[in-house]
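Here is a short report on charged side-chain pairs. Take a look at the sequence and the model before reading on.

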Amino acid sequence: MKSILAAGLAVLALMCVTPAWAQQAAGNASAENRALARRVVDITTPDFDKQILAHMREAVAEARLAELDPEVGRWMEKNAGPMLLPHMRQFMEEIIELYARRFTSEELGAMVAFYETPLGRAIADKQVSIGIETGGLIEPLMQRYAEDLFKKLCDEIDCGAAGAGNGSSAKSTRR
């Protein structure tokens, strides 16, 4: 069951990384839209690197790795955040491209104008931490979904030895 679950989680992760709505955005964005989109993303993710590094420090501390293995704990404290940053920066570049393709120059200009106001800045200051917290909510949800999905699969279709122990005795041998 674990190998099937792992494969399923990999498929689900790919589905999350490339949602269908992102695939629907057609064509290339203009240079003007890219510049405006970059400005929107820059304004709405203030202190991005600092917030990501702080989140990773908290996550490593919460995991209490140093209690399990001091050497691993020290290594993770030193490396987890800095190693995540390039990946997150690439993610932000993809968001910029998505915004540039999805929104018109007029819409992006309106976003920039709003986010440059005091109220817009106050909202933007909270968005990165809310995004991080939202990501933390999605992970267990996807785990529960994958477990439910593959339990049902193995209840209805013989998963072989990998599906043993899932509580189902009558399984189809259909493949």
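How many salt bridges does the structure hold? The structure holds 8 salt bridges. A salt bridge here is a side-chain nitrogen of Lys or Arg within 4 Å of a carboxyl oxygen of Asp or Glu.

## About the model

This is a predicted model, where local features need pLDDT of at least 70, side-chain atom pairs count only at pLDDT 80 or more, and totals for chains, interfaces and linings use all residues. Residues are numbered from 1 along each chain as its sequence is written, and side-chain values use heavy atoms, with hydrogens and water left out.

Arg-39 pairs with Glu-116 in a salt bridge, with 2.8 Å between the closest N and O atoms. Arg-39 sits in helix H3 (residues 31-44), and Glu-116 in the loop between helix H7 (105-115) and helix H8 (118-156), so the pair ties together parts 77 residues apart in sequence. Helices are DSSP runs (H or I, at least four residues), numbered from the N terminus.

Arg-39 is partly exposed, at 32% relative accessible area. Glu-116 is also partly exposed, at 39%. Buried means under 20%, exposed over 50%, and partly exposed in between (1.4 Å probe, protein chains only).

Arg-101 and Glu-97 form a salt bridge, 4.0 Å from N to O. They are 4 residues apart in helix H6 (residues 70-102), about one helical turn. Arg-101 is partly exposed, at 28%. Shared partners join Arg-34, Glu-97 and Arg-101 into one salt-bridge network.

## Glu-67 and Arg-64

Glu-67 and Arg-64 meet in a salt bridge, 2.9 Å from N to O. Glu-67 is exposed, at 57% relative accessibility.

Definitions and conventions. Helices (H or I, at least four residues) and strands (E, at least two) are DSSP runs, numbered from the N terminus.
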